[in-house]
Amino acid sequence: MAFFKYSLIRGVLFLAFFLVAKMALNFTPLTAALIAALCAFVVSFIFLRRQRDGATAIIADRFAPNADTTQSTGAIADANAEDTLVDGNPDVWVDADRPAHRPPVTREG
């Protein structure tokens, strides 16, 4: 139901923006459709997060009902390697959520 609801809201948004662009602003049908698609995307991205997350959960459950994680095999292996490193060496600190510090670039010559 969440996927249908989210799709219906996005369709209504597209139709509303299309009609405004076509009727009120006198754009060509192709231009009105492109404007409507962009506006509907922006509005749904900003304001419909809860509905989008619900629709995503429905799709994920449909395609992988027995999955206990959404992480890839590589991400799980990387996390396990970090856990092993930290458990074996308490003085080592791993903070993979922050970008790596890059030294300033110097120009020689």
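**Charge pairs, rings and core**

Tutor: A search of the whole structure finds one salt bridge. Bear in mind that this is a predicted model.

Student: Which side chains meet in the salt bridge?

Tutor: Those of Arg49 and Asp53, at 3.6 Å from N to O. Side chains of opposite charge can pair when their charged atoms come close.

Student: Where do Arg49 and Asp53 lie?

Tutor: Both are in helix H3, which covers residues 49-63. Arg49 and Asp53 are four residues apart, about one turn of the helix.

Student: Is Arg49 buried or exposed?

Tutor: Arg49 is exposed, because its relative accessible area is 56% and the cut-off for exposed is over 50%. Asp53, at 41%, is partly exposed.

Student: Changing topic. How many helices and strands are in the chain?

Tutor: Four helices and zero strands. Along the sequence the pattern reads α-α-α-α.

Student: And how much of the chain is buried?

Tutor: Buried residues account for 9% of the 109 residues. The accessible surface of the chain is about 9400 Å², with 64% of that belonging to carbon and sulfur atoms.

Student: Which residues make up the largest nonpolar core?

Tutor: There are five: Tyr6, Leu13, Ala40, Leu48 and Ala55.

Student: What is Tyr6 in contact with, leaving aside its neighbours within four places in sequence?

Tutor: Ser44, Leu48, Gln51, Arg52 and Ala55. Two of those names, Leu48 and Ala55, are also in the largest nonpolar core.

Student: Ser44 is in that list of contacts. Is Ser44 buried or exposed?

Tutor: Ser44 is buried, since its relative accessible area is 1% and buried means under 20%. Ser44 is found in helix H2, residues 29-47.

Student: What does Ser44 contact, leaving aside its neighbours within four places in sequence?

Tutor: Tyr6, Arg10, Leu13, Arg49 and Arg52. Arg49 is the residue that meets Asp53 in the salt bridge.

Student: On to rings. How many aromatic pairs does the structure hold?

Tutor: Two. One of them is Phe14 with Phe18: the ring centres are 6.1 Å apart and the planes are at 20 degrees, so the pair is stacked. Phe14 and Phe18 are both in helix H1, residues 2-24, and sit four residues apart, about one turn of the helix.

Student: Is Phe14 buried, exposed or partly exposed?

Tutor: Partly exposed, with a relative accessible area of 31%. The other aromatic pair is Phe41 and Phe45, also stacked, at 5.8 Å centre to centre and 25 degrees between the planes.

Student: Why are Phe41 and Phe45 separated by about one helical turn?

Tutor: Because they are four residues apart in helix H2. Phe41 is partly exposed, at 43% relative accessibility.

Student: Which residues form a nonpolar patch on the surface?

Tutor: Leu38, Phe41, Val42, Phe45, Ile46 and Phe47, with about 650 Å² of accessible area together.

Student: Last one: how far apart are Leu30 and Phe18 in space?

Tutor: They are 9.7 Å apart, C-alpha to C-alpha, and 12 residues apart in sequence. Leu30 lies in helix H2 and is exposed, with a relative accessible area of 64%.

Conventions:
Residues are numbered from 1 along each chain as its sequence is written. This is a predicted model: local features need pLDDT of at least 70, side-chain atom pairs count only at pLDDT 80 or more; totals for chains, interfaces and linings use all residues. Side-chain values use heavy atoms; hydrogens and water are left out. Helices (H or I, at least four residues) and strands (E, at least two) are DSSP runs, numbered from the N terminus. Buried means under 20% relative accessible area, exposed over 50%, partly exposed in between (1.4 Å probe, protein chains only). Contact means heavy atoms within 4.5 Å. A nonpolar core is a set of buried Ala, Val, Leu, Ile, Met, Phe, Trp, Tyr and Cys residues joined through side-chain atoms within 4.5 Å. Rings of Phe, Tyr and Trp (its six-membered ring) pair if their centres lie within 6.5 Å; planes under 30 degrees apart count as stacked, over 60 as edge-to-face and the rest as tilted. Patches are made of residues with over 30% relative accessible area and no salt bridge: like charges are joined within 9 Å, nonpolar side chains (Val, Leu, Ile, Met, Phe, Trp, Tyr) within 5 Å. Accessible areas come from the Shrake-Rupley method with a 1.4 Å probe; for residues, only the protein chains shown count as cover. A salt bridge is a side-chain nitrogen of Lys or Arg within 4 Å of a carboxyl oxygen of Asp or Glu.
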